[in-house]
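Subject: Structure for your files

Hello,

Here is the structure we spoke about, with the sequence alongside. My notes on what turned up in it follow below.

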Amino acid sequence: MGVFTVLTRCILQPLSVVDDELVPKVEMTFTTLEDAGKFYRNYAKAAGFSTRVRCTNRKGNEIKNQLITCSREGKWKSKISPTEKTNPTAGLNCPARIYIHTLKDVGAWIISKVVLDHSHPCCPSKAEMLKRHKELSMSIRRTIENNEEAGIRPSKTYQSFVAAAGGHRELNFIEKDVRNYITREVRNVSEQEDAKEFGKYLLRMKEKNPNFFFELQLEEDQSIKLAFWADARSRAAFEYFGDVISFDTTYNTNRYNLVCGSFVGVNHHGQSTLLGCSLMKNEEIESFKWLFQSWLHCMGGNAPKGFLTDQCASMKRALEACMPTTVHRWCIWHIMKKIPSKLNGYKGHADIEQEMSQVVWNSYSKDSFDRNWNDFLLNFGLADNKWLSDLYEDRHIWVPIYLDHHFWAGMRSTQRSESMHSFFNKYITRNSSLIQFVKQYDNCLGSREQAERESDAADFHTLIPCASKSCIEAQFQDAYTHEKFREVQAQFRGKANCITRLKNSALGYSVYDVGEQVSSSIFNKFVVTYDSVAAEVKCQCLLFESRGILCHHALSVLSFEQVSQVSPRYILERWSKKVKRQHTHIKSSHDEPLMEPRSKRFDQLVFRSQNICEFASESEELTAILHRAYDNVMAEMESLKAKRKGTSSLSHEDANLESVNEVQSPPRIRTRGRPKNRLGSKLEKQIANATKKKKTKVLSEVKVLFFKFINLFDAASAAHSNCSQYQGHVMSYQFRVPAAGDNSLGV
C-alpha cells in the first residue's frame, strides 16, 4: 500500500510551468555550442531537472554534433549485491533530451530533435541542489583559494559565505562543493609532481631574494631524503637572536611521513622566531649531522652558544660532532614528564615524583644537588634504577644548576619549537603535500614577522609606567621592550617577599642572606654578593645569568645598598628596544603562485572596487549614480563579448624548471584513521559572533554595490582574456652538481 501511494504521487504530480521562451524547440539556432548547452541548462533549472552531455561526435578536432540528455537518462546496475551495500542511483531511463548539430554553411548550431517528457517528477524548487546547477563564481573561487592558502578550514570558509549571503538558501552551492573545489583545483598536486613543485618553490624564493638558502639530499631514485631551507629574514635575524636555539622534530605534517624539524630562537620581545626548517626521511645520526652542518653553513659557520633538544641520542652525537663548543641542553619538561611512566611500578610513585621535582628545581648548588639526589635514591630505594642512574650520569645536560650559569634567553624546554609545530598541525595533516606544507611554513614566518612588527610599534608609540619610584626601574623602562620590562617589574614586585640580612662585608665586598617567603610556612634562602667597587651583584639563583633579568634577590640587595643606577652590564642589548636591527627591513619569504591572467585581473578589479563602493554608499544619490554606471558598463561589455565570441584563444605555460624535473617524491606513507587536528575554537567564535551582528543600512548598501561589482568584474576579467596570453616566467637556476658519492643539492 505504501509503495502504491508513493508511485501515485509521482505520477499525479503536475508538471512545472516554464516560460515558453525558455523551452527548447526544433530548428532553434545558436551562435556557439556553448550557447546551446547553456540554454538547455537554464531550461532544465527552470523545469526542475539536471542535464549531462551523453555523447559528442567529432571529425578530427571539430565537433559535429552533440546529444544532451536529462541526468537521469540510462540505468546503472551495481555489481555489488544490494544485500551487502546499497548506494543511491539516479538512472531511470529518462527520455528527455535535445540533439544539436552544426550547420556547415552558416557556422551556427541548430537543434534537430527535442524530447521534453520525463520518466520522473521534476521539482524546480529542488533543482538548485542538483550538481549541474551548482556553480562557484569567480569571487567564490578566489575566496576559497585565499582561505585555503591562509589555512582556514573548508567548513569555516563555507560558513563565512553563508553569513555574507544571509543564509543557506541564498547560496546556490553547498559545503561539499567547496571541499570538492579545494580537492580538485587547489590541492590537486600529484605525488609525481609534488617534489618538482617543491623544487620550483625553492628556486622561486631564491630568485626573489638571493639570500634565500636551501640544501637537498636525494636518494638513488632521486626522491627527497633530506631538505633544509631558511629565508633571508631568518638568516639576518640569526645575527641578533642566534645565541640560543631550540630544535625539535614532529611527524604527521605530510603524506610521505617526512620528519619536520624547526630551528627556533627568541627575539627581543621574548617571542619565538623561526631560523630554519627541515624535512628528514629518518632520525639517524648521519641525517642530523647533515642537517646541522647545512644549518651552520647557512648561518655563516657561527655556532650558537646554547642548543636545546629533546632527549635524543642521535641528536646528542650529531651535535657533539658538528658543534663541539656549543652547550647542549636536554628539554627538562620531557624528562620530568616521563617520571610517571618510568616509576609508576614503585610504591608511593606520586611521592617519588614530588620529591624528585624538589631535588631538581630547589638545588641551588652542584654539591647540594648531589647530596639531595643521593638522599632521594636512598629514601625511596631507587639506587638500582637504571633510568635514574643514566639521568644522573647525564645531569650536566638537563639539571638547571649545572646549566643556568649559561645564557638561555629564558628557555629550559623545546616548548617554543613545539608551539611552531602546533601552528602547522592546525592547518596541515598527514595527507598534506609538500607544497601545502611550505605554504603554511610561509604563513608561520609571516605571522611571526607581523607579531614582531606590532610589538616594535607598541614599544615606539607607548610607554609602560613604572610601578615604583625606583630609578633602577626607570632605567629598564627606558631601555627594554615592553615584554621584558614587564618581567623586570615582576621582579620588583617580588622584592616585597624578601628579607635581606648582611652576613659579612670587607673592602667593599658584601655577602647577604636573602630570605624569600614562597608560602605561609616556607622560606627559601639565597646568597647574594655585592661588589661596590666593580658595581657587580651576583645571586645564587642565577636568574640574570640564564635569562638576562635581574632577580628580586639582587634588587633587594641593591635597594639595601641604596644603589640608584645599575651598571650597564645588567641592561642587555639583547632585550633593548633601541637597537636598530637589520632583519626588520627584510620581508619574510612568501610565495606568489602563478595564477591565470583572469584571476589576476579579477583580484585587481576587486581591490579597486572597494574604495568606490565605500564612497558611493555614503548617500542614496551616490549609490544611484554607481548603479547607473554599473548598468551602462555591463551592457557595453556584454556587447563587446558578443562580437568576440568564437575568436578567443588563451594559453598558460607553467614555469619551466628543467633542473628540478628529475626530483621525485618519497613513497607515500598510508595511515589509518582521520587526523585529530582541527581548527581552534577562536575562529569558530569569531564566525559565530559575525553571524549574530545586525547589518546596518550603510553596510547593506555596501554589500549590494560590492556584489554588483563582483559580477561586473567577473564579466570584465573574462572578456579581457579573449585577447590575452600568459607566459610563465622561466627560471634558469641549476642545482649544483653533486660530487662523487654526494647526492646533495644546494643553492
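One aromatic cluster is made up of Phe213, Phe228, Phe238, Phe247, Phe263, Phe288, Phe292, Trp295 and Phe307. Please keep in mind that this is a predicted model.

The structure has 36 aromatic pairs. One of them is Tyr240 with Phe241: the ring centres are 6.2 Å apart and the planes meet at 55 degrees, so this pair counts as tilted. Tyr240 and Phe241 are both buried. Phe247 and Phe292, by contrast, pair edge-to-face, with 5.6 Å from centre to centre and 80 degrees between the planes. This pair joins distant parts of the chain, since Phe247 belongs to strand β8 (residues 244-250) and Phe292 to helix α8 (residues 285-298), 45 residues apart. Phe247 and Phe292 are both buried as well.

Two arginines are placed over rings. The charged end of Arg395 sits over the ring of Tyr392, 4.0 Å from the centre. Arg329 lies over the face of Trp408, and here the distance to the ring centre is 5.1 Å.

The last item is Gln66, which is in strand β3 (residues 62-70). Its relative accessibility is 10%, and because buried means under 20%, Gln66 counts as buried. The side chain of Gln66 makes a polar contact of 3.0 Å with the side chain of Thr56. Leaving aside residues up to four places away in sequence, Gln66 touches Leu33, Val53, Cys55, Thr56, Ile98, Tyr99 and Ile100.

Regards

Terms used: Residues are numbered from 1 along each chain as its sequence is written. This is a predicted model: local features need pLDDT of at least 70, side-chain atom pairs count only at pLDDT 80 or more; totals for chains, interfaces and linings use all residues. Side-chain values use heavy atoms; hydrogens and water are left out. Helices (H or I, at least four residues) and strands (E, at least two) are DSSP runs, numbered from the N terminus. Buried means under 20% relative accessible area, exposed over 50%, partly exposed in between (1.4 Å probe, protein chains only). A polar contact is a pair of N or O atoms within 3.5 Å; within protein, one must be able to donate a hydrogen and the other to accept it, and residues adjacent in sequence count only if both atoms are side-chain atoms. Contact means heavy atoms within 4.5 Å. Rings of Phe, Tyr and Trp (its six-membered ring) pair if their centres lie within 6.5 Å; planes under 30 degrees apart count as stacked, over 60 as edge-to-face and the rest as tilted. A charge sits over a ring if NZ of Lys or CZ of Arg is within 6 Å of the ring centre and within 35 degrees of the ring normal.
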